[in-house]
Amino acid sequence: MKMKHYIRQFMEDMEVLMRQPPPSSTFGASEDYMVYMNDVREQLLGDKGILIQNLSGISREQLPSIELLSDDEVSLLASGLVKLLYHFNCYPDIPHEAPDSMAYNALRNHWEHLKAPLMDFELHYEFCDGLTEQCPFPGYCSWCGESDNESAMSAESSEEEGTSSEQGNEIEIEISLGEHLVRIRTIPGGTFISGIHNYCDRWCEFCALANRCTVNAAGDKVEPDKEKLEIRQEGMKELEQQFRGVERKIKKEMQRLNVDVFELSKNEGFSILDKEDIVFNPDARDVMTIAEHYTKSIHEWVKREGVESLNEEINNSLVFSNIMWYSTIIATKMYRSLMREFEDEDSVQNDLNGSAKVALHGIRQSLYGWGWIIERCPGQKDTAMFHAMLLTGMRSAMEERFPRAEEFIRPGFDEE
């Protein structure tokens with residue numbers, strides 16, 4: 001019974017994670033085909049990306065050993081994990097006919113190595129290294145099983161075949177991306193706004209400009225509901241007005257408790273950027289840690305309380321969905337804004353300011369939600385106050401670091 005409850009909660013956690021946009025949505029993509037291709041190639045050859053275990057907060061130890069699971073539980077977890085990985089653009093290469101038990105074991109054994117790409121493309125993960133005795137899918141894998149003679153011949157001509165293989169893979173990628181671009185160019189429905197997707201919150205469902213975005217048009221093709229959009233806008237105005245009074249309470253409480261969000265978040269971040277080869281401002285590590293702490297804390301809160309329980313207690317879908325959506329958007333946009341500056345960039349209209357502006361937008365939207373909970377949900381007041389303090393400190397740090405971020409003109413959103 002305990003395992004059944006654990007599995008149910010685990011599946012709910014994954015559903016929550018899949019409400020968040022993948023890291024690739026943060027970095028955008030160049031509309032120049034050759035630049036885009038070069039970016040993708042660099043990521044593939046450099047093995048760049050964010051570890052799934054860091055991104056999701058799910059460690060290998062949290063994946064139960066297969067001996068503790070029933071066949072139905074194995075199938076449920078295997079399909080759930082694959083769905084989660086697909087959401088983050090990580091595509092594990094599992095033979096279609098392989099039993100769920102093999103698939104789950106392979107995912108669990110390789111969990112610490114799976115990554116989400118920083119660019120918007122499918123990053124495939126091959127479990128098999130070509131050696132039959134080590135293959136996780138014996139009898140189902142079409143990759144391994146070649147004879148020793150063939151392996152020897154392959155080894156003797158490795159350099160030549162390696163070059164050929166790399167060229168073949170590059171051609172395959174180019175064809176795939178080429179088809180993608182053709183699809184974008186042939187989509188009817190008005191003029192697209194160049195670069196609009198680089199500085200948005202990726203919530204296409206509630207974006208009035210979704211039909212003018214190439215990323216949406218070439219992907220899910222979300223058509224925003226005008227009525228729902230208007231209801232949401234009115235709801236957010238009410239939350240914003242209410243927050244003006246709550247904000248004073250939050251700041252007063254921070255002063256009373258002498259809260260230092262940097263100290264509060266010390267050693268609480270994911271430290272993803274310490275492990276990845278990204279040009280990042282080392283002096284921004286403390287600011288980034290607050291954002292990582294916030295994301296991590298939200299995940300733990302939902303895991304502890306349960307989605308259904310929180311929805312029932314808060315009883316405001318706008319508030320809860322807002323908090324959950326921006327819980328990762330804030331950190332991912334901050335990653336981009338805190339990268340190293342380039343000397344030749346415009347002092348206002350540069351990518352760092354643009355990314356910082358989106359991060360600050362997410363902070364504000366989240367604060368409106370927490371403010372509502374502080375006033376309306378006594379059982380969650382302490383939790384809401386804690387997260388509101390983190391966000392308030394994070395906002396102050398970002399505004400100090402990017403004093404001209406709000407002057408940045410986002411394509412489409414800030415233009416008349």
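In this predicted model, the side chain of R232 lies over the face of W203, at 4.4 Å from the ring centre. R232 also lies over the face of F206, there at 5.0 Å from the ring centre. These two rings belong to one aromatic cluster, formed by W203, F206, W325 and Y326.

Let me turn to the aromatic pairs. How many does the structure hold? There are 10 aromatic pairs in the structure. In one of them, W203 and W325 have ring centres 4.7 Å apart and planes at 15 degrees; because the planes are under 30 degrees apart, the pair counts as stacked. W203 lies in the loop between helix 8 (158-185) and helix 9 (214-218), while W325 is in helix 15 (residues 317-337), so this pair ties together parts that are 122 residues apart in sequence. Are these two tryptophans buried or exposed? W203 counts as buried, at 8% relative accessibility, and W325 counts as buried at 14%.

A further pair involves helix 15. The ring centres of W301 and F320 are 6.2 Å apart and their planes stand at 70 degrees, so this pair is edge-to-face. W301 lies in helix 13 (residues 285-305) and F320 in helix 15, so the pair ties together parts that are 19 residues apart in sequence. W301 has 1% relative accessibility and therefore counts as buried; F320, at 2%, is likewise counted as buried.

I now come to the nonpolar cores. The largest nonpolar core has 94 residues, and those with the most contacts inside it are M334 and W370. Which helix gives the most to this core? Helix 15 does, with 12 residues. Leaving aside residues up to four places away in sequence, M334 touches V287, M288, A291, A359, M394 and M398. Apart from this core lies another, of six residues, including I193, C207, L209 and A210.

Finally, I would like to consider helix 6, which covers residues 100-110. Its buried residues are M102, A103, Y104, A106, L107, R108 and H110. Against which elements do the buried residues of helix 6 pack? They pack against helix 5 (71-87), strand 2 (90-93) and strand 4 (123-126).

To close, I return to the aromatic cluster of W203, F206, W325 and Y326: R232 lies over the face of W203 and over the face of F206, and W203 is stacked with W325.

Notes:
Residues numbered from 1 in each chain as written. Predicted model: local features only at pLDDT ≥ 70, side-chain atom pairs only at ≥ 80, totals over all residues. Heavy atoms only, no water. Phe/Tyr/Trp six-rings, centres within 6.5 Å; stacked < 30°, edge-to-face > 60°. Helix = DSSP H or I, 4+ residues; strand = E, 2+ residues; numbered from the N terminus. Buried < 20%, exposed > 50% of the residue type's maximum accessible area, 1.4 Å probe, protein only. Lys NZ or Arg CZ within 6 Å of the ring centre and 35° of its normal. Contact = heavy atoms within 4.5 Å. Core = buried A, V, L, I, M, F, W, Y, C linked by side-chain atoms within 4.5 Å.
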